[in-house]
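These are notes for a colleague who is opening this structure for the first time. Please keep the sequence and the 3D view at hand while reading the numbered points.

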Amino acid sequence: AGRVRPERPTGPPFLEFHLGLTQGAETGRLAAAAALAGRLRELHEHGWGWGEMALLFRASSGFVVYEDALERAGIPFVTVAGRGFYDRPEVRDVLNVLAAIADPTDDLALAGLLRSPMFGLSDGALYVLRRGAGPKHGRPGLWQALNDDDVLAALDPADVERARRGRRVVADLRDLAGRATVAEVLKRLLDSTHYRAAVRLAGVAPRSERAWRNINKLLADAHRSHLVSIGDFLEYVQSLRDV
């Protein structure tokens, strides 16, 4: 049956119900997101502004599928609540590196960067590093354990190489920190780890494209800040996050 679609409704609010049948929940979410993006673009072509449209969700777990669909359809959007820019995984990975450079005793930041795709340590390796090589070593911090060859010897060979690489990168960047701007430190980090290429290749478009652009945006933020102190930049980021 046909359906009347007023170009620019001026009367009372109206509702549309979109019903569909799919083979499973995941397929259904993808189809619903694509259909909704198509309908929003159709409304836009009939005079509705993007700023007059909003999507409401019961939970933030549904955001990603719809963000991908909106991006495929070329629809500009901003996600309010849920996971903001500075809490995106790829941005958080880079910020963890900066936090660890500023303070290697920050075990949470160091664990985050070692476990991230940038270095890829296993959960088991992190457990060994956290506990040290045994009771005689007590429970040193992660940075102390990372610099202890006896502790590293307890790791699987692949994790040993990843751990040493993480140690080397953090140490090199610590030498650079304070003598160069935060933007230069970030650029050195991204180039030495090839992280932008990794996130672009690891994901599925357009999500991987968005992750790549997010990292470039963080680098642009660092350039705009003109800051040299990593601690000051992290405070600057916190102020942006609060805003």
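Does His226 count as buried or exposed? At 67% relative accessibility, His226 counts as exposed, where exposed means over 50% relative accessible area, buried under 20% and partly exposed in between, computed with a 1.4 Å probe on protein chains only.

1. Basis of the note. This is a predicted model, in which local features need pLDDT of at least 70 and side-chain atom pairs count only at pLDDT 80 or more, while totals for chains, interfaces and linings use all residues. Residues are numbered from 1 along each chain as its sequence is written, and side-chain values use heavy atoms, with hydrogens and water left out.

2. Two histidines with positive phi. His226 is placed in the loop between α11 (207–225) and α12; helices here are DSSP runs of H or I with at least four residues, strands are runs of E with at least two, and both are numbered from the N terminus. The phi of His226 is near 60 degrees, a positive value in a residue other than glycine. His194, in the loop between α9 and α10 (195–202), likewise has a positive phi, near 55 degrees, and at 55% relative accessibility His194 counts as exposed. As background, most residues other than glycine have a negative phi.

3. The buried face of α4. In helix α4, which spans residues 107–115, the residues Ala109, Leu110, Leu113 and Leu114 are buried. Seen down the axis of α4, these buried residues fall within an arc of 130 degrees, so they line one face of the helix; the arc is that of the directions from the helix axis to the C-beta atoms. The buried residues of α4 pack against α3 (89–102), α5 (123–131), α6 (142–146) and α8 (157–176), with contact taken as heavy atoms within 4.5 Å.

4. The crossing of α3 and α4. The axes of α3 and α4 come within 8 Å and cross at roughly 135 degrees; axes are lines fitted to C-alpha atoms, for helices over the stretch in contact, and the angles run from 0 to 180 degrees between N-to-C directions. α3 and α4 are therefore oblique to each other, given that angles under 35 degrees count as roughly parallel, over 145 as roughly antiparallel, 65 to 115 as roughly perpendicular and the rest as oblique. The crossing of α3 and α4 is left-handed, a term used if the near helix is turned anticlockwise from the far one by less than a right angle, with right-handed used if clockwise. On the α3 side the contact is made by Asp93, Asn96, Val97, Ala99 and Ala100, and on the α4 side by Ala109, Leu110, Gly112 and Leu113.

5. The crossing of α3 and α9. The axes of α3 and helix α9 (residues 182–193) come within 11 Å and cross at roughly 115 degrees, and α3 passes α9 in a right-handed crossing. Here α3 contributes Val94, Val97, Leu98 and Ile101 to the contact, while α9 contributes Val182, Val185, Leu186, Leu189 and Leu190.

6. Aromatic pairs. How many aromatic pairs does a search of the whole structure find? The search finds three, where rings of Phe, Tyr and Trp (its six-membered ring) pair if their centres lie within 6.5 Å, and planes under 30 degrees apart count as stacked, over 60 as edge-to-face and the rest as tilted. The rings of Phe57 and Tyr66 have their centres 5.1 Å apart and their planes at 65 degrees, so this pair is edge-to-face. Phe57 is partly exposed at 31% relative accessibility, whereas Tyr66, at 19%, counts as buried. Ring pairs link Phe57, Phe63 and Tyr66 into a cluster.

7. Helix α12. Phe233 and Tyr236 both lie in helix α12 (residues 230–242), three residues apart, which is about one turn of the helix. Phe233 is buried, with a relative accessible area of 0%, whereas Tyr236 is partly exposed at 26%. Val237 is also placed in α12 and counts as buried at 2% relative accessibility. Leaving out residues up to four places away in sequence, Val237 touches Tyr86 and Leu95.

8. Thr79. This residue is found in the loop between α2 (63–72) and α3, and Thr79 is partly exposed, with a relative accessible area of 23%. Setting aside neighbours within four places in sequence, Thr79 is in contact with Phe63, Glu67 and Arg88.
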